[in-house]
Structure formats: C-alpha cells, structure tokens
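Open the model in your viewer and keep the selection tool at hand. The tour below goes stop by stop, with something to select at each one.

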Amino acid sequence: MTVNSSRFGELEVPSDAVLDFPEGMIGVGGNRFALLSREENGAFKWLQETAQEDLALPVTDPFQFFPDYEVVLSDEEAQRIGITDPSQAEVLVVVRADEDPGQVSANLLAPILVSAGVGHQVLNEATWAPLREPLLSGGRQEVAAG
Amino acid sequence: MLTISRRVGERILIGDGIVIEVVEVSGGSVRLGITAPKELRIYREELWERVKAENEAAARADFNAPGARPGPA
C-alpha cells in the first residue's frame with residue numbers, strides 16, 4: 001500500500017508491515033502504523049501512521065540498549081491486550097531524538113508490545129521504567145552507580 | 001462538569017458498565033475502586049499526560065541517526 005509521510009514522502013509499504021493499534025498510541029492516537037526500516041540491522045525503525053502523514057514515531061529494540069530491561073503488566077492489562085507473557089511479544093520503545101547524542105532517550109515507561117500484527121502501547125509496571133532514559137546510559141546499574 | 005457528593009462505600013454508575021466506588025477518604029486524598037469493561041484503559045491523568053507529551057515530542061524531533069531513515073520498500 002502507499003503511505004504518505006510528512007517525514008519521508010510517499011512510501012510503498014508491504015501490507016504485512018502494517019500493524020493494527022486498536023487504541024492507538026497513548027495521547028496521540030492513530031490506528032494503523034507501518035513498521036518501517038531501511039536496513040536489516042539498523043538500530044532504529046519507525047512507526048508511521050498510514051492515514052496521518054504527520055504521525056511517525058521512531059522506535060527501537062530496548063534490549064539492545066538496556067539488556068536488563070523488563071516489561072511487567074498487571075493481569076488485567078495483559079488480559080485486555082491478549083498478551084499474557086510479554087516475552088512472547090515483540091517489544092519496541094519510542095525514541096526521542098535530540099541534537100545532543102547524550103540526550104537521545106527511550107521511553108521505557110510506555111513500551112509498545114506487538115503480537116500477531118497487533119500493537120499496544122502499555123504502561124510498564126516494572127520498578128525500573130523511566131519515561132526518558134538516555135539510550136547510551138546502558139541501563140539501570142549504571143544509573144544506580146551514577 | 002457534573003459534581004456529585006458521595007460517602008465512603010457509595011458508588012457512581014456511568015452507563016451500564018462502569019462503577020466507581022469511594023473506598024476511603026483520608027486527609028486530602030480519596031481512594032477509588034473502579035470496575036469497567038476490560039477493553040477500557042484507565043489511567044492516572046498525570047501519567048497519561050507525561051506519556052502523551054513524550055509521544056508528541058518523539059514525533060516532532062529531528063532524527064538524523066544513520067540508518068534510521070527508511071527508503072522505499
């Protein structure tokens with residue numbers, strides 16, 4: 001399908017790259033996002049809303065940057081989204097870019113869980129789940145030490 | 001905005017599926033019990049606002065990391 005993006009222009013996206021987000025992203029909406037990546041091993045991907053050209057979020061695999069990151073959901077939330085074991089889902093976190101590489105951060109509080117073509121942005125109830133964690137911090141041990 | 005007075009143990013019904021009960025009142029704080037259809041998401045407002053602001057900032061930010069810009073599929 002063809003997707004218009006204010007960031008990337010007109011994109012041709014294979015339909016299996018389009019994910020349904022029944023409740024959208026928290027506070028910003030959207031219902032169908034194309035998961036875009038250029039390089040197989042690139043660190044970052046984008047979730048581009050297929051009908052809202054202005055809505056695209058950069059995302060990454062949190063475990064590349066934070067090996068001890070955990071996603072914990074309440075039983076109610078897990079049941080609601082139909083994912084009882086977060087390890088069965090693909091986990092992505094939203095990246096907030098910054099001119100200063102040291103300030104580029106990941107949102108570990110509200111990860112995105114993707115399973116069977118459906119995505120949900122959830123609130124992580126793990127004890128370590130900062131809203132803005134510098135990508136280069138390496139994770140919680142270094143934060144605790146610093 | 002509708003304003004309703006309730007005592008501890010009393011409830012408010014919103015439609016047929018949402019029940020809010022005053023569980024405890026202590027000092028300046030109120031504990032509420034909420035029963036709602038499971039497909040509804042329930043947030044503390046300030047947490048929702050912080051995540052919303054972060055999503056908006058991420059969607060706006062310039063992003064020039066190598067390999068981050070997708071090309072034509």
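Select chain B and follow it from the N terminus: its elements run β-β-β-α. That makes 1 helix and 3 strands in chain B. Here helices (H or I, at least four residues) and strands (E, at least two) are DSSP runs, numbered from the N terminus. This is a predicted model, in which local features need pLDDT of at least 70 and side-chain atom pairs count only at pLDDT 80 or more, while totals for chains, interfaces and linings use all residues; side-chain values use heavy atoms, with hydrogens and water left out. Residues are numbered from 1 along each chain as its sequence is written, and chains are lettered from A and ligands numbered from 1 in the order in which they are written.

**Chain B as a whole**

Keep chain B selected and show its surface. Chain B exposes about 5,600 Å², and carbon and sulfur atoms supply 51% of that area. Accessible areas come from the Shrake-Rupley method with a 1.4 Å probe; for residues, only the protein chains shown count as cover. How much of chain B is buried? Of its 73 residues, 19% are buried. Buried means under 20% relative accessible area, exposed means over 50%, and partly exposed lies in between (1.4 Å probe, protein chains only).

Now consider contacts, where contact means heavy atoms within 4.5 Å. Among the contacts in chain B with a separation of 6 or more, residues 24 or more positions apart account for 0%.

**A glycine in β3**

Select B:Gly33, in strand β3 of chain B. B:Gly33 has a relative accessible area of 22%, so it is partly exposed. Leaving aside residues up to four places away in sequence, B:Gly33 touches B:Val19, B:Ile20, B:Glu21 and B:Val23. Next, draw a distance from B:Gly33 to B:Arg50. The two are 17 residues apart in sequence, and their C-alpha atoms are 23 Å apart in space.

**The nonpolar patch**

Select B:Val8, B:Val25, B:Val30, B:Leu32, B:Ile34 and B:Ile42. Together they form a nonpolar patch on the surface with about 540 Å² of accessible area. Patches are made of residues with over 30% relative accessible area and no salt bridge; like charges are joined within 9 Å, and nonpolar side chains (Val, Leu, Ile, Met, Phe, Trp, Tyr) within 5 Å. Which element supplies the largest share of the nonpolar patch? Strand β3 (residues 29–35) of chain B does, with 3 residues. With a relative accessible area of 49%, B:Val25 is partly exposed.

**Salt bridges**

A salt bridge is a side-chain nitrogen of Lys or Arg within 4 Å of a carboxyl oxygen of Asp or Glu. The whole structure has 9 of them over all chains.

Select B:Glu10 and B:Arg6. Their side chains meet in a salt bridge of 3.3 Å, N to O. B:Glu10 is partly exposed at 28% relative accessible area, and B:Arg6 is partly exposed at 38%.

Move on to B:Arg11 and B:Glu21, a salt bridge whose closest N and O atoms are 2.9 Å apart. B:Arg11 lies in strand β1 (residues 11–14) and B:Glu21 in strand β2 of chain B, so the pair ties together parts that are 10 residues apart in sequence. B:Glu21 is partly exposed, at 24% relative accessible area.

In chain A, salt bridges that share partners join A:Glu23, A:Glu77 and A:Arg80 into one network. Select A:Glu77 and A:Arg80: their closest N and O atoms are 2.9 Å apart. The two are 3 residues apart in helix α2 (residues 75–81) of chain A, so about one helical turn separates them. Are they buried or exposed? Both A:Glu77 and A:Arg80 are buried.

**Two loops of chain A**

Select A:Thr50, in the loop between β5 (44–49) and β6 (56–60) of chain A. Its relative accessibility is 14%, so A:Thr50 counts as buried. Not counting residues up to four places away in sequence, A:Thr50 touches A:Met1, A:Val3, A:Val18, A:Arg32, A:Phe33 and A:Ala34.

Finish at A:Ala116, in the loop between β9 (112–115) and β10 (118–121) of chain A. Most residues other than glycine have a negative phi. Phi of A:Ala116 is near 55°, a positive value. At 77% relative accessibility, A:Ala116 counts as exposed.
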